[in-house]
Amino acid sequence: MDKFVIQGGTQLRGDVTVSGAKNAALPILAATLLTDAPVVLHGIPNLADLTAMCELLGDLGVSISRENSTTLRCQVQSTDNSHACYDRVRKMRGSICVLGPMLARRGYARVGMPGGCVIGSRPIDLHLRGLRALGAEIELDGGDIIAKTDRLRGASVFMGGPFGSTVLGTANVLMAAVLAEGVTIIESAACEPEVEDLVDVLNAMGAKITGGGTSRLIIEGVRELGGVEHTIIPDRIEAGTFMMAAAITGGEVNVRNARIDHLYAVVDKLRDAGLHVESAGGGLTVAAGQRLTPVDVTTHPYPGFPTDLQAQLMALLCLVDGNSAIIEKIFPDRYMHMAELLRLGANIRKEGPVAIITGVESFVGAPVMASDLRASAALVLAGMAGRGETEVRRVYHIDRGYERIEEKLRPLGAKIQRTKE
Ligand code: EPU
(Lines give C-alpha, C1' and ligand atoms only; values in the text may rest on other atoms or scores of the structure.)
Protein backbone atom coordinates (compact mmCIF):
# COMPACT_ATOMS: atom_id res chain seq x y z
CA MET A 1 0.00 0.00 0.00
CA ASP A 2 1.15 3.55 -0.73
CA LYS A 3 1.31 6.47 1.64
CA PHE A 4 1.99 10.17 1.19
CA VAL A 5 4.76 11.86 3.13
CA ILE A 6 4.10 15.59 3.24
CA GLN A 7 6.34 18.36 4.58
CA GLY A 8 3.99 21.17 5.50
CA GLY A 9 4.40 24.88 5.46
CA THR A 10 4.71 25.85 1.79
CA GLN A 11 2.27 28.18 0.09
CA LEU A 12 0.92 26.75 -3.17
CA ARG A 13 1.40 28.96 -6.21
CA GLY A 14 0.86 28.42 -9.93
CA ASP A 15 -1.51 26.70 -12.33
CA VAL A 16 -3.18 23.31 -12.05
CA THR A 17 -5.56 21.65 -14.50
CA VAL A 18 -8.71 19.81 -13.48
CA SER A 19 -9.45 16.40 -15.07
CA GLY A 20 -12.78 15.05 -16.29
CA ALA A 21 -15.42 14.37 -13.64
CA LYS A 22 -15.37 10.89 -12.11
CA ASN A 23 -19.01 11.11 -11.09
CA ALA A 24 -20.07 12.11 -14.61
CA ALA A 25 -17.90 9.44 -16.24
CA LEU A 26 -19.33 6.59 -14.13
CA PRO A 27 -22.98 6.74 -15.28
CA ILE A 28 -21.96 7.77 -18.80
CA LEU A 29 -19.80 4.65 -19.06
CA ALA A 30 -22.83 2.64 -17.89
CA ALA A 31 -24.87 4.25 -20.68
CA THR A 32 -22.71 2.39 -23.22
CA LEU A 33 -24.86 -0.65 -22.32
CA LEU A 34 -27.81 1.07 -24.04
CA THR A 35 -26.55 0.69 -27.60
CA ASP A 36 -24.67 -1.69 -29.89
CA ALA A 37 -23.00 1.26 -31.61
CA PRO A 38 -19.58 2.59 -30.58
CA VAL A 39 -19.39 5.25 -27.88
CA VAL A 40 -16.23 7.36 -27.76
CA LEU A 41 -15.62 9.26 -24.55
CA HIS A 42 -12.98 11.96 -24.12
CA GLY A 43 -11.78 13.42 -20.83
CA ILE A 44 -11.91 10.15 -18.90
CA PRO A 45 -9.46 10.48 -16.03
CA ASN A 46 -7.20 7.62 -15.07
CA LEU A 47 -8.80 6.69 -11.73
CA ALA A 48 -9.19 3.46 -9.80
CA ASP A 49 -13.01 3.79 -9.73
CA LEU A 50 -13.20 4.19 -13.50
CA THR A 51 -10.87 1.24 -14.07
CA ALA A 52 -13.20 -0.79 -11.83
CA MET A 53 -16.21 0.38 -13.85
CA CYS A 54 -14.49 -0.60 -17.11
CA GLU A 55 -13.72 -4.05 -15.68
CA LEU A 56 -17.35 -4.48 -14.69
CA LEU A 57 -18.53 -3.40 -18.15
CA GLY A 58 -16.05 -5.89 -19.58
CA ASP A 59 -17.79 -8.63 -17.55
CA LEU A 60 -21.09 -7.45 -19.02
CA GLY A 61 -19.88 -7.74 -22.62
CA VAL A 62 -18.64 -4.21 -23.40
CA SER A 63 -15.27 -4.07 -25.12
CA ILE A 64 -13.31 -1.00 -24.07
CA SER A 65 -10.11 0.20 -25.68
CA ARG A 66 -8.01 3.20 -24.77
CA GLU A 67 -7.39 5.44 -27.79
CA ASN A 68 -5.15 7.79 -25.83
CA SER A 69 -4.56 8.73 -22.20
CA THR A 70 -8.06 10.22 -21.76
CA THR A 71 -10.15 8.70 -24.57
CA LEU A 72 -12.03 5.41 -24.36
CA ARG A 73 -13.84 3.63 -27.16
CA CYS A 74 -16.62 1.39 -25.85
CA GLN A 75 -18.88 -1.03 -27.72
CA VAL A 76 -21.16 -3.83 -26.61
CA GLN A 77 -19.92 -7.14 -28.12
CA SER A 78 -22.01 -9.64 -26.20
CA THR A 79 -25.09 -9.72 -24.00
CA ASP A 80 -24.49 -13.21 -22.62
CA ASN A 81 -23.65 -12.07 -19.08
CA SER A 82 -25.95 -9.62 -17.27
CA HIS A 83 -24.72 -10.30 -13.74
CA ALA A 84 -22.82 -7.53 -11.96
CA CYS A 85 -21.50 -9.56 -9.06
CA TYR A 86 -21.38 -8.35 -5.47
CA ASP A 87 -17.59 -8.35 -5.38
CA ARG A 88 -17.49 -5.64 -8.03
CA VAL A 89 -20.40 -3.58 -6.66
CA ARG A 90 -19.06 -3.77 -3.11
CA LYS A 91 -15.77 -2.14 -4.10
CA MET A 92 -17.32 0.65 -6.14
CA ARG A 93 -20.86 1.71 -5.37
CA GLY A 94 -21.18 3.71 -8.59
CA SER A 95 -21.47 0.36 -10.37
CA ILE A 96 -25.13 0.23 -9.26
CA CYS A 97 -25.87 2.45 -12.26
CA VAL A 98 -25.52 -0.50 -14.67
CA LEU A 99 -28.90 -1.71 -13.36
CA GLY A 100 -31.16 0.69 -15.28
CA PRO A 101 -29.48 0.49 -18.70
CA MET A 102 -29.04 -3.28 -18.59
CA LEU A 103 -32.68 -3.78 -17.65
CA ALA A 104 -33.90 -1.42 -20.39
CA ARG A 105 -31.75 -2.91 -23.15
CA ARG A 106 -31.71 -6.60 -22.21
CA GLY A 107 -34.92 -6.95 -20.21
CA TYR A 108 -32.92 -8.57 -17.42
CA ALA A 109 -30.29 -7.47 -14.93
CA ARG A 110 -28.77 -9.12 -11.88
CA VAL A 111 -26.73 -6.75 -9.72
CA GLY A 112 -25.19 -7.33 -6.29
CA MET A 113 -27.02 -5.33 -3.62
CA PRO A 114 -24.52 -2.73 -2.36
CA GLY A 115 -24.06 -2.60 1.41
CA GLY A 116 -23.34 0.40 3.63
CA CYS A 117 -20.02 2.16 3.41
CA VAL A 118 -17.78 4.29 5.52
CA ILE A 119 -19.60 7.55 4.75
CA GLY A 120 -22.84 6.09 6.10
CA SER A 121 -25.79 3.97 5.09
CA ARG A 122 -26.39 4.18 1.36
CA PRO A 123 -29.76 2.61 0.53
CA ILE A 124 -30.99 2.14 -3.05
CA ASP A 125 -34.71 2.02 -2.29
CA LEU A 126 -35.37 5.05 -4.51
CA HIS A 127 -33.59 3.43 -7.49
CA LEU A 128 -35.73 0.31 -7.11
CA ARG A 129 -38.96 2.24 -6.54
CA GLY A 130 -38.31 4.23 -9.72
CA LEU A 131 -37.60 1.14 -11.82
CA ARG A 132 -40.69 -0.59 -10.41
CA ALA A 133 -42.78 2.44 -11.41
CA LEU A 134 -41.60 1.83 -14.99
CA GLY A 135 -42.95 -1.71 -14.74
CA ALA A 136 -39.86 -3.68 -13.75
CA GLU A 137 -40.34 -6.79 -11.64
CA ILE A 138 -37.71 -6.70 -8.94
CA GLU A 139 -36.80 -9.33 -6.38
CA LEU A 140 -33.85 -10.06 -4.15
CA ASP A 141 -32.06 -13.38 -4.34
CA GLY A 142 -28.84 -14.39 -2.60
CA GLY A 143 -27.87 -10.75 -1.99
CA ASP A 144 -28.50 -9.80 -5.62
CA ILE A 145 -31.18 -7.57 -7.12
CA ILE A 146 -32.88 -9.35 -10.01
CA ALA A 147 -34.81 -7.02 -12.30
CA LYS A 148 -36.90 -8.22 -15.26
CA THR A 149 -39.26 -6.72 -17.80
CA ASP A 150 -40.87 -7.47 -21.17
CA ARG A 151 -40.76 -3.78 -22.01
CA LEU A 152 -40.61 -0.84 -19.63
CA ARG A 153 -43.47 1.67 -19.81
CA GLY A 154 -43.27 5.41 -19.14
CA ALA A 155 -44.65 6.66 -15.80
CA SER A 156 -44.39 9.49 -13.30
CA VAL A 157 -41.57 8.84 -10.90
CA PHE A 158 -40.66 10.85 -7.80
CA MET A 159 -36.93 10.66 -6.92
CA GLY A 160 -36.86 12.75 -3.72
CA GLY A 161 -35.83 11.01 -0.49
CA PRO A 162 -35.27 11.92 3.15
CA PHE A 163 -31.90 13.54 2.30
CA GLY A 164 -32.85 15.10 -1.02
CA SER A 165 -32.88 13.72 -4.56
CA THR A 166 -30.65 10.82 -5.41
CA VAL A 167 -27.96 11.38 -8.03
CA LEU A 168 -27.28 7.81 -9.15
CA GLY A 169 -30.95 6.91 -8.61
CA THR A 170 -31.93 9.63 -11.09
CA ALA A 171 -29.26 8.35 -13.51
CA ASN A 172 -30.51 4.77 -13.19
CA VAL A 173 -34.18 5.58 -13.79
CA LEU A 174 -33.32 8.03 -16.58
CA MET A 175 -31.26 5.41 -18.42
CA ALA A 176 -34.12 2.92 -18.08
CA ALA A 177 -36.74 5.44 -19.22
CA VAL A 178 -35.00 6.40 -22.47
CA LEU A 179 -35.91 3.00 -23.95
CA ALA A 180 -39.33 2.68 -22.24
CA GLU A 181 -42.57 2.83 -24.20
CA GLY A 182 -44.24 6.25 -23.78
CA VAL A 183 -43.43 9.25 -21.65
CA THR A 184 -41.70 9.23 -18.26
CA ILE A 185 -41.64 12.25 -15.99
CA ILE A 186 -39.01 12.22 -13.25
CA GLU A 187 -40.05 14.66 -10.53
CA SER A 188 -37.54 15.84 -7.94
CA ALA A 189 -34.74 14.66 -10.23
CA ALA A 190 -31.19 15.37 -9.12
CA CYS A 191 -29.96 18.60 -10.79
CA GLU A 192 -26.24 17.86 -10.43
CA PRO A 193 -24.10 18.80 -13.47
CA GLU A 194 -23.13 15.11 -13.71
CA VAL A 195 -26.78 14.19 -14.37
CA GLU A 196 -27.03 16.98 -16.93
CA ASP A 197 -23.93 15.64 -18.67
CA LEU A 198 -25.60 12.23 -18.83
CA VAL A 199 -28.73 13.83 -20.31
CA ASP A 200 -26.56 15.49 -22.98
CA VAL A 201 -24.92 12.17 -23.87
CA LEU A 202 -28.23 10.31 -24.03
CA ASN A 203 -29.80 13.00 -26.23
CA ALA A 204 -26.79 12.87 -28.55
CA MET A 205 -27.37 9.09 -28.76
CA GLY A 206 -30.95 9.73 -29.93
CA ALA A 207 -32.91 9.92 -26.66
CA LYS A 208 -35.63 12.53 -26.25
CA ILE A 209 -35.12 14.16 -22.87
CA THR A 210 -35.99 17.70 -21.85
CA GLY A 211 -35.29 19.44 -18.56
CA GLY A 212 -31.64 18.37 -18.08
CA GLY A 213 -30.18 20.25 -15.10
CA THR A 214 -33.63 20.86 -13.58
CA SER A 215 -35.68 18.90 -11.08
CA ARG A 216 -38.18 17.77 -13.73
CA LEU A 217 -36.99 15.49 -16.51
CA ILE A 218 -39.40 14.58 -19.30
CA ILE A 219 -38.40 11.56 -21.32
CA GLU A 220 -40.14 10.35 -24.43
CA GLY A 221 -39.06 6.75 -24.89
CA VAL A 222 -37.41 5.67 -28.16
CA ARG A 223 -36.88 2.17 -29.63
CA GLU A 224 -33.11 2.33 -29.84
CA LEU A 225 -30.10 4.54 -29.34
CA GLY A 226 -27.04 5.06 -31.52
CA GLY A 227 -23.39 5.83 -30.88
CA VAL A 228 -21.90 9.11 -29.70
CA GLU A 229 -18.63 10.97 -29.19
CA HIS A 230 -18.58 13.11 -26.06
CA THR A 231 -16.23 15.00 -23.75
CA ILE A 232 -16.89 14.60 -20.01
CA ILE A 233 -17.37 17.81 -17.98
CA PRO A 234 -14.55 18.95 -15.66
CA ASP A 235 -14.55 17.58 -12.12
CA ARG A 236 -16.04 20.28 -9.89
CA ILE A 237 -14.99 18.43 -6.74
CA GLU A 238 -11.35 18.15 -7.84
CA ALA A 239 -11.52 21.87 -8.74
CA GLY A 240 -12.96 22.74 -5.32
CA THR A 241 -10.25 20.68 -3.63
CA PHE A 242 -7.49 22.66 -5.39
CA MET A 243 -9.25 25.92 -4.52
CA MET A 244 -9.19 24.94 -0.88
CA ALA A 245 -5.56 23.82 -1.19
CA ALA A 246 -4.67 27.37 -2.28
CA ALA A 247 -6.71 28.79 0.59
CA ILE A 248 -5.39 26.54 3.37
CA THR A 249 -1.73 27.14 2.44
CA GLY A 250 -2.22 30.90 2.10
CA GLY A 251 -1.16 30.78 -1.56
CA GLU A 252 -2.53 31.71 -4.97
CA VAL A 253 -3.57 29.08 -7.50
CA ASN A 254 -5.17 29.31 -10.92
CA VAL A 255 -7.40 26.25 -11.26
CA ARG A 256 -7.70 25.71 -15.00
CA ASN A 257 -10.70 23.97 -16.52
CA ALA A 258 -12.81 24.79 -13.41
CA ARG A 259 -16.34 25.88 -14.32
CA ILE A 260 -17.66 28.65 -12.11
CA ASP A 261 -21.23 27.83 -13.14
CA HIS A 262 -20.77 24.45 -11.38
CA LEU A 263 -19.14 25.97 -8.30
CA TYR A 264 -21.20 29.03 -7.27
CA ALA A 265 -21.96 27.72 -3.76
CA VAL A 266 -18.28 26.95 -3.16
CA VAL A 267 -17.05 30.27 -4.55
CA ASP A 268 -19.63 32.07 -2.43
CA LYS A 269 -18.47 30.38 0.79
CA LEU A 270 -14.78 30.96 0.07
CA ARG A 271 -15.47 34.64 -0.62
CA ASP A 272 -17.50 34.85 2.61
CA ALA A 273 -14.47 33.50 4.42
CA GLY A 274 -12.38 36.32 2.93
CA LEU A 275 -10.66 34.67 -0.04
CA HIS A 276 -10.29 36.35 -3.42
CA VAL A 277 -11.83 34.19 -6.11
CA GLU A 278 -11.81 35.39 -9.72
CA SER A 279 -13.08 33.69 -12.84
CA ALA A 280 -10.67 34.20 -15.72
CA GLY A 281 -9.61 32.42 -18.91
CA GLY A 282 -11.60 29.22 -18.45
CA GLY A 283 -10.57 28.77 -14.84
CA LEU A 284 -10.77 30.14 -11.34
CA THR A 285 -8.02 31.90 -9.41
CA VAL A 286 -8.06 31.66 -5.64
CA ALA A 287 -5.83 33.94 -3.60
CA ALA A 288 -5.48 34.08 0.17
CA GLY A 289 -3.92 37.33 1.34
CA GLN A 290 -6.01 38.56 4.21
CA ARG A 291 -7.02 37.06 7.52
CA LEU A 292 -9.91 34.62 7.03
CA THR A 293 -13.16 34.77 8.96
CA PRO A 294 -15.27 31.81 10.16
CA VAL A 295 -18.27 30.65 8.11
CA ASP A 296 -21.27 28.36 8.62
CA VAL A 297 -21.95 25.81 5.90
CA THR A 298 -24.75 23.32 5.31
CA THR A 299 -24.30 20.69 2.63
CA HIS A 300 -27.19 20.38 0.18
CA PRO A 301 -27.93 18.76 -3.15
CA TYR A 302 -26.78 20.83 -6.14
CA PRO A 303 -26.72 23.83 -6.50
CA GLY A 304 -26.01 23.89 -2.74
CA PHE A 305 -22.64 23.30 -1.11
CA PRO A 306 -21.57 19.73 -2.06
CA THR A 307 -21.09 17.04 0.55
CA ASP A 308 -18.06 15.91 -1.48
CA LEU A 309 -16.23 19.11 -0.44
CA GLN A 310 -17.31 19.11 3.20
CA ALA A 311 -14.19 17.34 4.52
CA GLN A 312 -11.81 19.64 2.62
CA LEU A 313 -13.68 22.72 3.84
CA MET A 314 -13.51 21.41 7.40
CA ALA A 315 -9.71 21.16 7.11
CA LEU A 316 -9.61 24.79 5.98
CA LEU A 317 -11.95 26.04 8.72
CA CYS A 318 -9.78 24.33 11.36
CA LEU A 319 -7.21 27.08 10.73
CA VAL A 320 -9.64 30.02 10.69
CA ASP A 321 -9.69 32.00 13.91
CA GLY A 322 -13.11 31.80 15.64
CA ASN A 323 -16.00 29.32 15.48
CA SER A 324 -17.35 27.85 12.24
CA ALA A 325 -20.16 25.32 11.87
CA ILE A 326 -20.77 22.57 9.34
CA ILE A 327 -24.09 20.76 9.03
CA GLU A 328 -23.88 17.61 6.90
CA LYS A 329 -27.35 17.10 5.45
CA ILE A 330 -26.66 14.51 2.74
CA PHE A 331 -24.67 11.89 4.65
CA PRO A 332 -25.08 12.85 8.35
CA ASP A 333 -22.36 10.37 9.42
CA ARG A 334 -19.77 11.58 6.92
CA TYR A 335 -17.28 12.78 9.53
CA MET A 336 -14.58 10.09 9.47
CA HIS A 337 -11.97 12.77 8.75
CA MET A 338 -12.75 14.51 12.04
CA ALA A 339 -10.86 12.06 14.26
CA GLU A 340 -7.78 12.28 12.03
CA LEU A 341 -7.90 16.10 11.94
CA LEU A 342 -7.99 16.00 15.76
CA ARG A 343 -4.75 14.00 15.65
CA LEU A 344 -3.23 16.92 13.75
CA GLY A 345 -4.27 19.33 16.51
CA ALA A 346 -7.69 20.52 15.29
CA ASN A 347 -10.40 21.63 17.70
CA ILE A 348 -13.73 20.20 16.51
CA ARG A 349 -16.75 18.94 18.35
CA LYS A 350 -19.71 17.19 16.85
CA GLU A 351 -23.34 17.00 17.89
CA GLY A 352 -25.25 14.69 15.51
CA PRO A 353 -24.78 16.02 11.98
CA VAL A 354 -23.42 19.35 13.24
CA ALA A 355 -19.69 19.99 13.64
CA ILE A 356 -18.45 23.06 15.47
CA ILE A 357 -14.92 23.98 14.51
CA THR A 358 -12.81 26.33 16.61
CA GLY A 359 -9.81 27.60 14.70
CA VAL A 360 -6.31 26.72 15.88
CA GLU A 361 -3.09 28.44 14.82
CA SER A 362 -1.62 25.48 12.95
CA PHE A 363 -1.82 21.75 12.37
CA VAL A 364 1.03 19.70 13.80
CA GLY A 365 2.30 16.94 11.51
CA ALA A 366 1.50 13.32 12.48
CA PRO A 367 0.73 9.96 10.85
CA VAL A 368 -2.95 9.81 9.89
CA MET A 369 -5.16 7.28 8.15
CA ALA A 370 -7.27 7.98 5.07
CA SER A 371 -10.74 6.46 5.53
CA ASP A 372 -12.53 7.44 2.31
CA LEU A 373 -11.92 9.45 -0.81
CA ARG A 374 -12.82 12.98 0.29
CA ALA A 375 -11.56 12.46 3.86
CA SER A 376 -8.15 11.61 2.41
CA ALA A 377 -8.14 14.81 0.34
CA ALA A 378 -8.84 16.78 3.54
CA LEU A 379 -5.87 15.13 5.25
CA VAL A 380 -3.56 15.98 2.35
CA LEU A 381 -4.67 19.63 2.60
CA ALA A 382 -4.12 19.62 6.36
CA GLY A 383 -0.67 18.05 5.92
CA MET A 384 0.38 20.72 3.41
CA ALA A 385 -0.70 23.47 5.80
CA GLY A 386 0.75 21.87 8.93
CA ARG A 387 4.05 22.26 10.78
CA GLY A 388 6.48 19.40 10.19
CA GLU A 389 5.81 16.05 8.52
CA THR A 390 2.43 14.38 7.99
CA GLU A 391 2.06 10.84 6.72
CA VAL A 392 -1.25 10.03 5.07
CA ARG A 393 -1.66 6.25 4.98
CA ARG A 394 -3.94 4.21 2.73
CA VAL A 395 -3.82 6.63 -0.18
CA TYR A 396 -5.57 4.09 -2.39
CA HIS A 397 -8.71 5.89 -1.22
CA ILE A 398 -7.53 9.11 -2.83
CA ASP A 399 -6.50 7.33 -6.04
CA ARG A 400 -10.15 6.35 -6.48
CA GLY A 401 -11.09 9.93 -7.30
CA TYR A 402 -8.00 12.11 -7.82
CA GLU A 403 -5.66 11.50 -10.74
CA ARG A 404 -2.09 11.36 -9.29
CA ILE A 405 -2.88 14.23 -6.95
CA GLU A 406 0.72 14.48 -5.77
CA GLU A 407 1.92 15.09 -9.35
CA LYS A 408 -0.56 17.94 -9.68
CA LEU A 409 0.35 19.47 -6.30
CA ARG A 410 4.15 19.28 -6.59
CA PRO A 411 4.51 21.85 -9.42
CA LEU A 412 2.54 24.23 -7.17
CA GLY A 413 5.26 23.91 -4.56
CA ALA A 414 3.83 21.16 -2.36
CA LYS A 415 6.39 18.87 -0.74
CA ILE A 416 4.56 15.58 -1.12
CA GLN A 417 6.02 12.17 -1.95
CA ARG A 418 4.37 8.82 -2.55
CA THR A 419 6.18 5.94 -0.88
CA LYS A 420 5.37 2.37 0.17
CA GLU A 421 3.82 1.91 3.60
N1 EPU B 1 -30.61 7.82 -0.64
C2 EPU B 1 -31.73 7.14 -0.21
N3 EPU B 1 -32.26 6.17 -1.02
C4 EPU B 1 -31.73 5.88 -2.24
C5 EPU B 1 -30.59 6.57 -2.68
C6 EPU B 1 -30.05 7.55 -1.85
O7 EPU B 1 -32.24 7.40 0.88
O8 EPU B 1 -32.26 5.00 -2.93
C9 EPU B 1 -30.02 8.86 0.21
C10 EPU B 1 -28.56 8.61 0.54
O11 EPU B 1 -28.39 7.76 1.64
C12 EPU B 1 -28.07 10.03 0.81
C13 EPU B 1 -28.86 10.86 -0.18
O14 EPU B 1 -30.02 10.06 -0.52
O15 EPU B 1 -28.41 10.41 2.11
C16 EPU B 1 -28.13 11.23 -1.44
O17 EPU B 1 -27.49 10.09 -1.99
P18 EPU B 1 -27.29 9.90 -3.54
O19 EPU B 1 -28.08 8.73 -4.01
O20 EPU B 1 -27.49 11.19 -4.25
O21 EPU B 1 -25.75 9.49 -3.61
P22 EPU B 1 -25.13 8.61 -4.77
O23 EPU B 1 -25.81 8.91 -6.03
O24 EPU B 1 -24.98 7.21 -4.33
C25 EPU B 1 -23.38 10.38 -5.61
C26 EPU B 1 -21.88 10.50 -5.70
C27 EPU B 1 -21.31 10.71 -4.31
C28 EPU B 1 -21.94 11.97 -3.71
C29 EPU B 1 -23.46 11.84 -3.70
C30 EPU B 1 -24.16 13.08 -3.21
C31 EPU B 1 -21.32 9.12 -7.59
C32 EPU B 1 -20.65 7.90 -8.09
N33 EPU B 1 -21.33 9.28 -6.27
O34 EPU B 1 -23.65 9.23 -4.82
O35 EPU B 1 -19.92 10.92 -4.49
O36 EPU B 1 -21.47 12.16 -2.40
O37 EPU B 1 -23.94 11.56 -5.04
O38 EPU B 1 -23.82 14.17 -4.00
O39 EPU B 1 -21.81 9.92 -8.35
C40 EPU B 1 -17.63 10.83 -3.95
O41 EPU B 1 -17.37 11.12 -5.13
O42 EPU B 1 -16.77 10.86 -3.04
C43 EPU B 1 -18.99 10.45 -3.59
C44 EPU B 1 -19.29 9.77 -2.49
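**Packed helices**

Guide: Helix H1 (residues 22-30) and helix H2 (residues 48-59) pack with their axes 10 Å apart, at an angle of about 5°. Helices (H or I, at least four residues) and strands (E, at least two) are DSSP runs, numbered from the N terminus. The model is predicted, so local features need pLDDT of at least 70 and side-chain atom pairs count only at pLDDT 80 or more, while totals for chains, interfaces and linings use all residues. Residues are numbered from 1 along each chain as its sequence is written, and side-chain values use heavy atoms, with hydrogens and water left out.

Visitor: How are H1 and H2 oriented to each other?

Guide: Two packed helices are described by the angle between their axes and the distance between the axes. Axes are lines fitted to C-alpha atoms, for helices over the stretch in contact, and angles run from 0 to 180 degrees between N-to-C directions. Angles under 35 degrees count as roughly parallel, over 145 as roughly antiparallel, 65 to 115 as roughly perpendicular and the rest as oblique. H1 and H2 are therefore roughly parallel to each other.

Visitor: Which residues in H1 and H2 meet?

Guide: Contact means heavy atoms within 4.5 Å. Lys22, Ala25, Leu26, Leu29 and Ala30 of H1 meet Asp49, Leu50, Met53, Cys54 and Leu57 of H2. This contact has eight nonpolar, no polar and two charged residues (Ala, Val, Leu, Ile, Met, Phe, Trp, Tyr, Cys and Pro count as nonpolar, Asp, Glu, Lys and Arg as charged, and the others, Gly among them, as polar).

Visitor: At what angle do helix H8 and H10 pack?

Guide: Helix H8 (residues 236-248) and H10 pack at about 5°, and their axes are 10 Å apart. H8 and H10 are therefore roughly parallel to each other. From H8, Ile237, Thr241, Met244, Ala247 and Ile248 meet Gln312, Leu313, Ala315 and Leu316 from H10. Their contact divides into seven nonpolar, two polar and no charged residues.

Visitor: What is the order of the strands in the open sheet of four strands?

Guide: Strands of a sheet pair through backbone hydrogen bonds, either parallel or antiparallel. Two strands pair if DSSP finds at least two bridges between them. Here the order is E20-E21-E23-E22, with mixed pairing. Strand E20 (296-298) and strand E22 (347-351) stand at the edges with a single partner strand each, so one side of each is left without a neighbour in the sheet. E22 and strand E23 (residues 354-358) run antiparallel and are joined by five bridges; arginine 349 has isoleucine 356 in E23 as its bridge partner. Helix H10 (residues 310-317) lies across E20, strand E21 (323-327), E22 and E23, and runs at about 170° to E21.

Visitor: Which residues line the largest cavity?

Guide: Rolling a probe the size of a water molecule over the atoms shows where empty space is left. On a 1 Å grid over the protein atoms alone, a cavity is a set of points where a 1.4 Å probe fits but cannot get out, and a pocket is an open set with protein on both sides within 12 Å along at least five of seven lines; lining residues have an atom within 4 Å of a point. The largest cavity is lined by Ser19, Gly20, Pro45, Leu47, Asp235, Glu238, Gly401, Tyr402 and Glu403. Its lining has three nonpolar, three polar and three charged residues.
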